[in-house]
Amino acid sequence: MPDLLLELFSEEIPARMQRKAAEDLKTLVTNALVDAGLPYEGAKAFSTPRRLALHVAGVPAGSAATREERKGPRVGAPEKAVEGFLRGAGLASIDDAEIQSDPKKGDFYVAVIEKPGRTAIDIIADFMPGILRGFPWPKSMRWGTTSTRWVRPLHSIVASFGPETEEPDVVPFEFDGIRAGKTTRGHRFLADEAFDVRRFDDYAMGLEKHKVVLDADRRKEIILNDAKDQALALGLELVEDPGLLEEVAGLVEWPVVLTGSFDEDFLTIPDECIQLTIKVNQKCFVLKDPKTGRLANRFVLISNIVADDGGKLIVAGNEKVIRARLADARFFWDTDLKTRLSDNLPKLDEVKFHEKLGSVGERVKRLIALSAELAPIVGADETRAKRAAELAKADLVSQMVFEFPELQGLMGRYYADAQGEDASVATAIEEHYKPQGPSDSVPTDPVAIAVALAEKLDLLAGFWAIDEKPTGSKDPYALRRAALGVIRTVLENGLRIRLDKALRSALALQKADVSDPAGVIGDLLSFLGDRLKVHLKDEGARHDLIDAVFALEGQDDLLMVVKRVEALGTFISSDDGINLLAGYKRAVNILKAEEKKDGAPVTGKPHADHLQEQAEIDLAAAIDTARAEAAAAVGQENFEGAMEALSKLRAPVDRFFDDILVNADDPALRKNRLQLLAEIRDATHVVADFSRVAG
C-alpha cells in the first residue's frame with residue numbers, strides 16, 4: 001500500500017515547540033485521512049530545529065464509493081421542513097428525492113446520497129492547505145509580503161505519495177505560494193545543498209548523509225552516550241538533566257559533544273548555583289567528581305557543527321561566557337553572605353504576595369503564628385519552628401534568588417548555615433516548599449514539617465478566603481498541589497492533625513474579611529477530601545470504600561481516614577465481610593421500599609416484647625453487642641477491631657433473613673422488625689456507610 005511523506009522545512013523552530021508540533025502534525029493529518037475514509041497502518045512524526053516531518057504507512061490508494069439513504073419528512077410536510085431536508089441532503093429539488101412508504105407512518109421522502117470514490121492523493125491535496133493554515137503554533141509570524149503564518153519563515157514543502165514498488169507522486173498542493181515538491185536541504189553549515197527524496201527510507205538516509213539526524217530521541221541518545229563517555233574519560237560523572245537534554249536535542253541537527261573547563265576558584269559557589277548558571281546561560285551540562293559528590297570544574301557542551309580545529313574555538317568561546325557568568329554568580333553569593341537573613345525581613349513588607357492577601361512580610365507573620373501552633377502537634381520545637389518560619393522567605397530578596405528564582409529556599413538554607421542558624425531551621429527554610437510535585441519528597445524533620453504545613457494551609461485558607469479557588473483545569477496558584485502536599489506530608493509522616501482546627505486558625509489569620517468562616521472551612525475540607533480520594537485511588541484504594549468512610553461526619557484526621565479505608569478493604573474482601581454486606585444491602589433495600597411506601601423513615605428502637613422468634617431475639621442481642629464493641633474499638637482507633645466486632649453480625653443476620661418474615665401481617669410486629677433492620681444499618685455506620693460500598 002502507498003506511503004505518505006511530508007516535510008515542512010523552515011528557519012529554526014524553538015526547541016520547546018518542536019515535539020508537540022510534530023505530534024500535532026501527525027494528529028491533524030491522520031485524523032483527516034480517517035475522516036476521508038483512508039485508514040492507515042501506522043504513522044510517526046519527527047522534528048529537528050529546521051523541519052517537521054511525518055511518515056504515514058499503509059494508506060489506501062483511494063477511498064471507496066459510498067451510498068447513504070437519508071430519511072426526510074413525511075410527504076405533505078410543511079414547506080420549511082422540506083427546505084431544511086433539501087439543504088441537509090444537498091438536493092436541488094424535492095423531485096430529486098425518493099418516496100418510500102411505511103405501513104405505520106405513511107409516505108416519506110428519502111435522499112439517496114452517492115459519493116464516488118476518490119484517489120488518496122487528491123484527498124490529501126485538498127486537506128493539507130487547511131491543516132497548514134490552521135496549524136496550532138503557540139506563536140506564529142508573517143514575513144515578506146505574503147499572508148503566510150508559520151512559527152518561522154517557511155521555505156519548502158516535501159509531499160510524496162506512492163507504493164514502494166513505484167515512483168511516488170508529488171502531492172499537488174500549494175500553501176500561500178509554496179508548492180509541494182520533492183526537494184529538501186541538509187544541515188545549514190555542514191551540507192547545505194538541496195537534494196531530492198522519493199519516500200521515507202531514502203529521505204532519512206539522505207538527511208543522514210547531509211548531516212541531519214532526523215529522530216529527536218536518537219539525537220538525545222547520541223548526546224547522552226557521548227557525554228557520559230567523555231565524562232568517564234575524565235574520571236568524572238555526568239550530572240544528568242532530562243529537561244536540558246530535551247532542549248539541546250532541539251537545538252542541533254548534528255550533535256557534537258565537547259568538554260570545557262572553568263576556574264576551580266568558582267567551586268566555592270554552591271553546586272546548584274554553578275549548575276543553574278551554566279545551564280541557563282549556555283545550555284551546558286555539568287560534571288561531578290564521584291569521589292566527593294561535588295561538582296568538578298568541567299562542563300559538557302553540545303555543538304551543531306564538526307569544527308576543523310576539533311572544537312577548540314567553540315570550547316574557548318563557551319568557557320569565556322561561562323567564566324563571566326560564574327563571576328556574576330560569585331558576586332551574588334558573596335554579596336548575599338554579607339547580609340544576614342534577618343536583615344532582609346523589612347524588605348519583605350515591600351514585596352506584594354497578593355493584592356487581597358497583603359505583602360510577603362504579612363504572610364511571614366501568619367506563617368510564624370501557624371507554625372507555632374502546629375509545632376507541638378508534629379513534635380517540633382516551637383522556638384525553632386517560629387524562627388524557621390520567620391526566615392523562610394528572607395532569601396526572596398537576595399541577589400542570587402532574584403537572578404535564579406528556582407533557587408528560593410535552597411539559597412535560604414545555604415545562607416542560614418553560613419550564618420550559624422540551627423540545622424533544623426536551615427533545613428526547614430529549604431524544605432518548607434516541599435513537596436512540589438508527586439515525585440518530590442516530603443519534609444521529615446519536625447521543624448520543616450511544621451513550616452511546610454503552615455505554608456500550604458496558609459495558601460489554601462488565603463485563596464479560599466478571597467474566593468480564588470481552582471476551577472476546572474485552571475489552578476493558577478497551584479492550590480491542588482498545596483492540598484496534595486498537606487496530604488502527603490501528613491500521611492507519609494504518620495501525623496495526627498485535626499485539619500478543621502488547623503484550617504480555622506489559618507483562616508483567622510488572613511487579612512481578608514470572611515463573611516461565612518464555617519462555610520469556607522467546610523468547602524476547604526471537602527476540597528482536601530477530594531484530593532485525598534484522588535491520592536488514595538492512585539495508591540490503589542477502591543473509590544467506593546473511600547466514599548463509604550468520607551460519608552461519615554468529621555473525617556478531618558487524614559491518617560485515621562486512611563486506616564479506616566484499609567481496615568474496611570480488608571474486611572470487605574473476607575467471607576464475613578462479603579456476607580454481612582449482602583445482608584446489609586438486603587436490609588437497606590427493604591427499608592427503602594417500606595419508607596417510600598409509608599412516606600416516613602423507620603425510626604425508634606425495637607421493643608423486646610415484640611421479639612417473638614429466636615432468630616430476631618438473637619439478632620437484637622448481637623446488634624447491641626456488636627455496636628458497643630465496634631464503637632469502643634473506633635474510640636480506641638482500632639478499626640480492625642471494629643470490623644471484627646461487626647463480623648459477629650454475619651451469622652445472626654443470615655439466620656434472620658432465613659427464618660423471619662419482615663412484612664408480617666401484624667402492624668406492630670412488622671414495625672418492630674423494620675426497626676431491627678434499621679438497627680443493622682445504624683450499627684454498621686459506626687465504622688463506615690456500607691451503602692456506598694459496591695457489591
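Visitor: Is Ser359 buried or exposed?

Guide: Buried means under 20% relative accessible area, exposed over 50%, and partly exposed in between, with a 1.4 Å probe and protein chains only. Ser359 has a relative accessible area of 8%, so it is buried. This is a predicted model, in which local features need pLDDT of at least 70, side-chain atom pairs count only at pLDDT 80 or more, and totals for chains, interfaces and linings use all residues. Residues are numbered from 1 along each chain as its sequence is written, and side-chain values use heavy atoms, with hydrogens and water left out.

Visitor: Which residues is Ser359 in contact with, leaving aside its neighbours within four places in sequence?

Guide: Contact means heavy atoms within 4.5 Å. On that basis, Ser359 touches Leu348, Asp349, Val351, Lys352 and Phe353.

Visitor: How is the packing of two helices described?

Guide: The angle between the axes and the distance between them describe such a pair. Here the axes of α10 (residues 360-378) and α11 (residues 382-391) come within 8 Å and cross at roughly 155°. Angles over 145 degrees count as roughly antiparallel, so α10 is roughly antiparallel to α11. Among the residues making the contact are Val364 and Leu367 of α10, and Ala385 and Lys386 of α11.

Visitor: Why is α15 described as largely enclosed by the rest of the structure?

Guide: The reason is that 19 of its 20 residues are buried. Helix α15 covers residues 446-465.

How values were computed:
Helices (H or I, at least four residues) and strands (E, at least two) are DSSP runs, numbered from the N terminus. The expected span of a helix is 1.5 Å times one less than its number of residues. Axes are lines fitted to C-alpha atoms, for helices over the stretch in contact, and angles run from 0 to 180 degrees between N-to-C directions. Angles under 35 degrees count as roughly parallel, over 145 as roughly antiparallel, 65 to 115 as roughly perpendicular and the rest as oblique.
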